[in-house]
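Please read this briefing alongside the structure shown below. The points are grouped by topic.

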Amino acid sequence: MKKNSCGGQSNSKPDRKAIEKKRRNDMKILCSKLASLIPHHNFKPSQEIASQQDQLDLAAVYIKHLRERIEKLKRLKEEAMRSMEASSSMMERTASVGLTSPVLELRDLGSSIELVLITGLNKNFMLYEVISIFEQEGAEVVSASFSTVGGKIFHTLHAQAKLSRVGVETTRVCQRLQELIKSY
C-alpha cells in the first residue's frame, strides 16, 4: 500500500473532508428540494430566507397538516359511502315492496340526524309536520329536500341538536314520526 508524505493513504481514495463536503452539499440540495415542495402560502414573508432548520421544521408541520387532512377526508369518504349504501339499499327495498305504506329511515350521525322518508304520490303528506316534530324534540332542521322518482317521493332531512350538550333522543323522534305516518 502506497503512503503519501503525510502518513495517510494513497490519493486514489477521497479524503474524509471531501466526503463530508459532498454529503453536506447533497443534504443542502435535498433540503432545498423539500422546501420547494411546500406551498408558498405557508411561508411568512420573513421566512422566505429561513435557515435549513426552519425549513425542515416548516416541512414537518406541513406534512403533519397533510396527514390530518388525509385522515379527515378518509372519514368523510367512509361516511358518504355508508350513506350512499344505506340510501341505495332503502331504494331497492321500496322498489321491491311496491311501497304500499311510507318507508321511514332515521340515522343518528352523532352530531346530526338524517331522515329519509319515502311516500307514494297519492299520500297527502305534510312536510311541515315532520319538521315540527324535530323542533319539538330539540332538533333544528338545517336542510330538507325531496325528489320524485316514478310514483314515489323521496324526502331527505338533515337536523342538528339545538343544544349539543343535551342532544336529541332519536328513538323518541322515530316513534313520533311513525305515529304521524300511520295517521295518513
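**Salt bridges and core of a predicted model**

Lysine 22 and aspartate 26 are about one helical turn from each other, because they sit 4 residues apart in helix α1 (residues 16–37). Helices (H or I, at least four residues) and strands (E, at least two) are DSSP runs, numbered from the N terminus. The model is predicted, so local features need pLDDT of at least 70 and side-chain atom pairs count only at pLDDT 80 or more, while totals for chains, interfaces and linings use all residues. Residues are numbered from 1 along each chain as its sequence is written, and side-chain values use heavy atoms, with hydrogens and water left out.

**Salt bridges**

- A salt bridge here is a side-chain nitrogen of Lys or Arg within 4 Å of a carboxyl oxygen of Asp or Glu. By this rule the count is 8 salt bridges.
- Lysine 22 and aspartate 26 form one of them, with their closest N and O atoms 3.1 Å apart.
- For accessibility, buried means under 20% relative accessible area, exposed over 50%, and partly exposed in between (1.4 Å probe, protein chains only). Lysine 22 is exposed at 53% relative accessibility, and aspartate 26 is partly exposed at 33%.
- In the salt bridge between arginine 107 and glutamate 114, the closest N and O atoms are 2.2 Å apart. Both arginine 107 and glutamate 114 are buried.
- Arginine 172 and glutamate 137 meet through their side chains in a salt bridge of 3.5 Å, N to O. This pair links distant parts of the chain, 35 residues apart: arginine 172 is in helix α4, and glutamate 137 is in the loop between α3 and β3 (139–149).
- Arginine 172 is partly exposed at 34% relative accessibility, whereas glutamate 137 is buried at 18%.
- A network of salt bridges links Glu20, Arg23 and Arg24.

**Nonpolar core**

- A nonpolar core is a set of buried Ala, Val, Leu, Ile, Met, Phe, Trp, Tyr and Cys residues joined through side-chain atoms within 4.5 Å. In soluble globular proteins, nonpolar side chains tend to be buried together.
- The largest nonpolar core has 15 residues, and those with the most contacts inside it are Leu106, Leu115, Val130, Phe134, Val173 and Leu177.
- At least two residues of this core come from each of β2 (112–120), α3 (127–136), β4 (152–161) and α4 (170–182). The largest share, 4 residues, is supplied by α4.
- Contact means heavy atoms within 4.5 Å. Leaving aside neighbours within four places in sequence, phenylalanine 134 has contacts that include Ile113, Leu115, Val141, Leu157 and Val173.
- Leucine 115 lies in strand β2 and is buried, with a relative accessible area of 0%. Beyond its neighbours within four places in sequence, leucine 115 touches residues including Leu104, Val130, Phe134, His155 and Leu177.
- The C-alpha atoms of leucine 115 and cysteine 174 are 9.3 Å apart, although the two residues are separated by 59 residues along the chain.

**Cysteines and glutamine 55**

- How many disulfides (pairs of cysteine sulfur atoms within 2.5 Å) does a search of the whole structure find? The search finds 0 disulfides.
- Cysteine 31 is buried, with a relative accessible area of 11%, and cysteine 174 is partly exposed, with 22%.
- Glutamine 55 is found in helix α2 (residues 52–97) and is buried at 19% relative accessible area.
- Leaving aside neighbours within four places in sequence, glutamine 55 is in contact with Cys31, Ala35, Ile38 and Ala50.

Technical notes: Disulfide = S-S within 2.5 Å.
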